Amino acid sequence: MTRNGKDQLDAALARHGLRVTGGFRPTPDDRIDAAALALVSPGPGFWGHFSKSPEYRGGARDPLDRWSARILSALAEDFGAVAHFPFGPTPGPFLAWARRSGAAWPSPVALHVSESMGLDTSYRGALALPFDIAFRAGTSPCESCTRPCLTACPAGAMGGGGYDVARCREYLRDTPDCACRQAGCLVRRACPASLGQPPAQARFHMAAFLS
């Protein structure tokens with residue numbers, strides 16, 4: 001079932017604009033009863049799927065978290081899996097899981113980076129699967145990069161010293177017409193490996209960050 005299970009999972013996720021971007025085989029120390037833990041991220045067409053959802057259009061709080069919970073919980077049931085999320089009362093240790101997957105790393109500006117998403121790396125959830133699948137490890141794109149991310153922040157909130165979240169929020173609130181709010185974080189966009197986001201998606205994430 002390994003190959004067929006992976007193909008079926010990929011197809012099911014793609015129908016919602018999602019994809020597997022890493023994972024690992026849990027050990028007893030993880031206290032996860034699964035053959036494999038698959039990390040799930042936005043993929044091609046993600047914004048088109050989410051922006052048409054009842055969660056996005058409904059106007060209630062945390063629409064992306066509620067959408068992620070609905071979609072991944074349903075997929076977990078279909079595949080006999082258990083869904084884990086980076087939000088809610090008991091969020092999973094997603095950054096540790098990402099590093100353990102061998103497909104994501106801390107970047108020079110503290111945000112996590114991956115080959116497949118650059119500094120746009122994010123996870124909507126994870127599926128603890130009852131069948132094994134193969135995961136591909138990679139190499140940090142930072143190793144062969146001139147690191148424009150270090151000097152891209154107009155607020156000086158991100159750089160070699162890490163990420164000053166309070167300073168970032170202050171700049172965004174005081175400069176509502178800045179490029180970061182209109183088209184997405186300039187540091188993330190400076191990463192050559194980043195995917196970029198539609199302007200509406202970037203504005204949605206910035207609004208959520210500021211709220």
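**Helix packing, salt bridges and selected residues**

Helices H6 and H9 cross in a left-handed way, a crossing being left-handed if the near helix is turned anticlockwise from the far one by less than a right angle, and right-handed if clockwise. Their axes come within 10 Å and cross at roughly 115 degrees, with H6 covering residues 165–174 and H9 residues 199–210. These axes are lines fitted to C-alpha atoms, for helices over the stretch in contact, and the angles run from 0 to 180 degrees between N-to-C directions. On the H6 side the contact is made by Val 165, Cys 168, Arg 169, Leu 172 and Arg 173, and on the H9 side by Met 206, Phe 209 and Leu 210; contact here means heavy atoms within 4.5 Å. Sorted by type, the residues of this contact come out as six nonpolar, no polar and two charged. In this sorting, Ala, Val, Leu, Ile, Met, Phe, Trp, Tyr, Cys and Pro count as nonpolar, Asp, Glu, Lys and Arg as charged, and the others, Gly among them, as polar.

A word on the model itself. It is predicted, so local features need pLDDT of at least 70 and side-chain atom pairs count only at pLDDT 80 or more, while totals for chains, interfaces and linings use all residues. Residues are numbered from 1 along each chain as its sequence is written, and side-chain values use heavy atoms, with hydrogens and water left out. Helices (H or I, at least four residues) and strands (E, at least two) are DSSP runs, numbered from the N terminus.

Next come the salt bridges. A salt bridge is a side-chain nitrogen of Lys or Arg within 4 Å of a carboxyl oxygen of Asp or Glu, and by this rule the count comes to six. One of them joins the side chains of Arg 70 and Glu 55, at 2.5 Å from N to O. This pair links distant parts of the chain, with Arg 70 in helix H4 (residues 63–79) and Glu 55 in helix H3 (residues 54–58), 15 residues apart. Accessibility is sorted into buried (under 20% relative accessible area), exposed (over 50%) and partly exposed (in between), using a 1.4 Å probe and protein chains only. Glu 55 counts as buried because its relative accessibility is 8%, whereas Arg 70, at 40%, counts as partly exposed.

Another salt bridge pairs Arg 124 with Asp 65, at 2.7 Å from N to O. Arg 124 sits in the loop between strand E5 (112–113) and strand E6 (125–129) and Asp 65 in helix H4, so this bridge ties together parts that are 59 residues apart in sequence. Arg 124 is buried at 10% relative accessible area, and Asp 65 is partly exposed at 24%.

Arg 136 and Glu 115 form a salt bridge too, with their closest N and O atoms 3.5 Å apart. Arg 136 belongs to the loop between E6 and strand E7 (158–159) and Glu 115 to the loop between E5 and E6, so the parts they tie together are 21 residues apart in sequence. Here Arg 136 is exposed, at 62%, and Glu 115 is partly exposed, at 37%.

Some buried residues deserve a look as well. His 112, in strand E5, is buried with a relative accessible area of 11%. Its side chain makes a polar contact with that of Arg 99 at 3.1 Å. A polar contact is a pair of N or O atoms within 3.5 Å; within protein, one must be able to donate a hydrogen and the other to accept it, and residues adjacent in sequence count only if both atoms are side-chain atoms. Setting aside residues up to four places away in sequence, His 112 touches several others, including Leu 95, Trp 105 and Leu 119.

Leu 119 also turns up among the contacts of Val 109, together with Cys 149, Met 158, Tyr 163 and others, again leaving aside neighbours within four places in sequence. Val 109 lies in the loop between strand E4 (105–106) and E5 and is buried, at 0%.

Ser 68, found in helix H4, is buried at 1% relative accessibility. A polar atom of its side chain lies 2.8 Å from the backbone oxygen of Leu 64. Not counting residues up to four places away, Ser 68 touches Ser 73, Phe 85, Phe 87 and Arg 124.
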